[in-house]
Amino acid sequence: MIRDLRIAVIGAGIMGEAMISGMLRHELVPPEQIMATELRADRRDEIAARYGVQVTDDNVAAVHWGQVAVFAVKPQTLPKLLPELRGTLNDGELVISIVAGAPIRHFAELLQHPQIVRSMPNTPAQIGEGMTVWTAADAVTEEQRGWARTILESFGQEQYVDDENYLDMATALSGTGPAYFFLLMEAMVDAGVHLGFPRYMAQKLVLETMQGSVLYAQKSGKHLAELKNGVTSPGGTTAAALYELERGGLRTVLTDAIWAAYRRSAELGKGK
Ligand SMILES: NC(=O)C1=CN([C@@H]2O[C@H](COP(=O)(O)OP(=O)(O)OC[C@H]3O[C@@H](n4cnc5c(N)ncnc54)[C@H](O)[C@@H]3O)[C@@H](O)[C@H]2O)C=CC1
Ligand SMILES: O=C(O)[C@@H]1CCC=N1
């Protein structure tokens, strides 16, 4: 039963906190069954005060205590951290990584431990609206896959994939994706201010338009091109705007950006 699990979260930054918060909001386990590790003392105090979980700077103790060890540190931290933890995991402990680029074999080799889940969430997880893609090593049992799914869906939607190649792809599309939308919205708000709107009003118009469009696309189930055509009157404003977006190469710029993120994820996995 997941309610009895002891869950160590290694690295209590933005994403570590999002995961702790989601697990507690869904009452997966009581706070004392989560132990977060964090290098920064002020951050440890903050996490302890906010969630009532155990906190420490001792990764070895936390991983040894846990039945699940969630890795939420930056990729550059792993080459030093993982060898320090070799031999400290319990038999049957499940490792869940959210680290961009880091392949399952990297964890398995450096930890000398076979039961690894690799996942890629995104920052809307902080309000329980994340999208997480995940896969599991062959050695991960059905029961452990159930734990992983329950943990990952406590902060949003989860999607299992049976091929690890999808993880670098998901890192570029959904993991990094919120930044594309934030940049787009920021640019639109600035354009609204340029037209003459007060900033608060431009922001409301842009955010509500984004949210309405997403909900409409989800609920209607229509093809995105059909939805776009529905906005586009002959000789109208949308046709004029879309012409400029295409002329500026929006589609190819976006595609190039997503490929760049994909290549960068693969490079991170090679320690570059
Ligand atoms: N921020 C994002 O949009 C997403 C990040 N990720 C991945 O999640 C991981 C964490 O990212 P963030 O939460 O954004 O970073 P962050 O910098 O906010 O969090 C990392 C935390 O780990 C702590 N830390 C560093 N070394 C440590 C050590 N040896 N032991 C214990 N704690 C240590 C840091 O003090 C920091 O608080 C990264 O690998 C990133 O690739 C995955 C999906 C989305
Ligand atoms: O920028 C990064 O490397 C991380 C991974 C996905 C989103 N942010």
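**Entry 1: ground rules and the whole chain**

I call a residue buried if 20 or more other C-beta atoms lie within 10 Å of its own, exposed if 12 or fewer do, and partly exposed in between, with C-beta atoms placed from the backbone. By that rule, 32% of the 272 residues of the chain are buried. I note that this is a predicted model, where local features need pLDDT of at least 70, side-chain atom pairs count only at pLDDT 80 or more, and totals for chains, interfaces and linings use all residues. Residues are numbered from 1 along each chain as its sequence is written, while chains are lettered from A and ligands numbered from 1 in the order in which they are written.

I then looked up the overall dimensions: along the principal axes, the C-alpha atoms of the chain fill a box of roughly 70 × 35 × 35 Å. For secondary structure I used DSSP runs numbered from the N terminus, with helices (H or I) of at least four residues and strands (E) of at least two. The chain has twelve helices and eight strands.

I count two residues as in contact if their C-beta atoms, placed from the backbone, lie within 7 Å. Among contacts between residues at least 6 apart in sequence, 64% join residues at least 24 apart.

**Entry 2: domains**

Where does the domain assignment divide the chain? It gives domain 1 (2–167) and domain 2 (177–269); such bounds come from an automatic or database domain assignment. The C-alpha centres of domain 1 and domain 2 lie 33 Å apart. I found eight residues of domain 1 in contact with six residues of domain 2. On the domain 1 side, the touching residues are five nonpolar, three polar and no charged. My classes are Ala, Val, Leu, Ile, Met, Phe, Trp, Tyr, Cys and Pro as nonpolar, Asp, Glu, Lys and Arg as charged, and the others, Gly among them, as polar.

I also checked the UniProt record, whose positions are given in the numbering used here, with shortened feature names and annotations that may be inferred rather than shown by experiment. The unreviewed entry places "domain: Pyrroline-5-carboxylate reductase catalytic N-terminal" at residues 6–101. That span is 40% helix and 20% strand, with its end C-alpha atoms 26 Å apart. The unreviewed entry also puts "domain: Pyrroline-5-carboxylate reductase dimerisation" at residues 164–268. Residues 164–268 are 86% helix and 0% strand, and the end C-alpha atoms are 15 Å apart.

**Entry 3: the core**

I took a nonpolar core to be a set of buried Ala, Val, Leu, Ile, Met, Phe, Trp, Tyr and Cys residues joined through C-beta atoms within 7 Å. Which members of the largest core touch the most others? Of its 53 residues, they are Ala8, Val9 and Val70. Helix H1 (residues 14–25) gives the most to this core, with five residues.

**Entry 4: the ligands**

A residue joins a ligand's shell if its C-beta atom, placed from the backbone, lies within 6 Å of the ligand. Ligand 1 is surrounded by 27 residues, and the closest are Gly11, Gly13, Met15, Val99 and Ala100. H1 supplies the largest share of the ligand 1 shell, three residues. By class, I get 14 nonpolar, nine polar and four charged residues around ligand 1.

What surrounds ligand 2? I found Ala100, Thr171, Gly175 and Thr176. That shell has one nonpolar, three polar and no charged residues.

**Entry 5: single residues**

The unreviewed UniProt entry marks Asn59 as "binding site". I found Asn59 in helix H3 (residues 59–65). Asn59 counts as buried because 22 other C-beta atoms lie within 10 Å. Not counting residues up to four places away in sequence, Asn59 touches Ile10, Thr37, Leu81, Glu84 and Leu85.

I then turned to backbone angles. Glu27 has a positive phi of about 50 degrees although it is not a glycine, and Glu27 sits in the loop between H1 and strand E2 (34–37). Glu27 is exposed, with 10 other C-beta atoms within 10 Å. Gln112, also not a glycine, has a positive phi of about 55 degrees. Its place is the loop between helix H5 (104–111) and strand E6 (116–120). Gln112 is partly exposed, with 13 other C-beta atoms within 10 Å.
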